[in-house]
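Welcome! Please take a moment to look over the sequence and the 3D structure below before reading on.

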Amino acid sequence: MNEIAPAESEEPQDRRPHVSVIVPVRNERRTLARALAEAFRVHPRTEVIVICNGTTDGSNAIARRCGARVIEWPVPLGHDVGRALGAKAAAGEVLLFIDGDMVVPASALQGFVAAVDGGADVALNNYSGPVRKTAVHGVVLAKHALNDLLGRTDLGGASLTTIPHAISRRALEKIGADLLAVPPVAHAAAIHYGLNVRLGPAVPVGRLNRMRREKGHWRRLERLIIGDHLEAVGWWLKRQNG
């Protein structure tokens, strides 16, 4: 298991990574090399950090061959915890979060970096999910409801729960890497602390996200994400009423 430590900050400014692309991975060998190739094209000074957790299919070796820095954990941590660990190790001024099972073109990812370089502290995927249905998915409702509570209906259903998204180093320092392990709470914290939270490009992750074969995976995931949103509501109300 690799130690998690920030990159050394003593190297010359023009050689430090400007963008840290953080990629949690668990058995993504089918798409990982292509996803990482796009990540490395985001900016001339890019580091890619892959958090391999519970991986058994050789994804760790693929990531190393692609030139990524690999942090390994023997057990599954979940994508959100992986992102928090990657953020702690990141050296860039812009932290860009993607997944290894989804190939997003560099041209789309560059829009998130540009938004942060242009003054945003948090650049969200402008994706609100399928809302024109008779029965709207519970996660979609939770995202819209949280933004309504936060007074940010302009964000629709956009959320730190959805990748790709990017944050500034200022946002990382204000929110704290640990809070990124619960994305709706980090989302609420960004707004509570007055950070500049904006919509970035729109990436249709609903079409890009591959189906997991594990029985009951999506139902478990739905319950987890809704629970995270309830935690964010409690976090927000405590600070509003405190």
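This report looks at a core, a helix and a loop residue in turn.

## The nonpolar core

A quick reminder before we start: this is a predicted model. Its largest nonpolar core has 66 residues. Within that core, Val-50, Leu-96 and Ile-167 have the most contacts. Helix α7, residues 183–192, gives the most to this core, with six residues.

## Helix α5

Helix α5 covers residues 138–149, twelve in total. At 1.5 Å a residue, α5 should span 16 Å, and because its end C-alpha atoms are 16 Å apart, expectation and model agree.

Which residues of α5 are buried? They are Gly-138, Val-139, Val-140, Ala-142, Lys-143, Leu-146 and Asn-147. After α5 comes Gly-151, whose phi is positive, near 75°.

## Asn-125 in its loop

Asn-125 sits in the loop between β5 (122–124) and α5. Is Asn-125 buried or exposed? Its relative accessibility is 0%, so Asn-125 counts as buried.

Not counting residues up to four places away in sequence, Asn-125 touches Phe-112, Ala-158, Thr-162, Ile-163, Pro-164 and His-165, and also Pro-201, Ala-202, Val-203 and Val-205. With Val-203 there is a further detail to look for: a polar atom of the Asn-125 side chain lies 2.8 Å from the backbone nitrogen of Val-203.

Methods: Residues numbered from 1 in each chain as written. Predicted model: local features only at pLDDT ≥ 70, side-chain atom pairs only at ≥ 80, totals over all residues. Heavy atoms only, no water. Helix = DSSP H or I, 4+ residues; strand = E, 2+ residues; numbered from the N terminus. Expected span 1.5 Å × (residues − 1). Buried < 20%, exposed > 50% of the residue type's maximum accessible area, 1.4 Å probe, protein only. Core = buried A, V, L, I, M, F, W, Y, C linked by side-chain atoms within 4.5 Å. Polar contact = N/O pair within 3.5 Å; in protein donor to acceptor, adjacent residues only side chain to side chain. Contact = heavy atoms within 4.5 Å.
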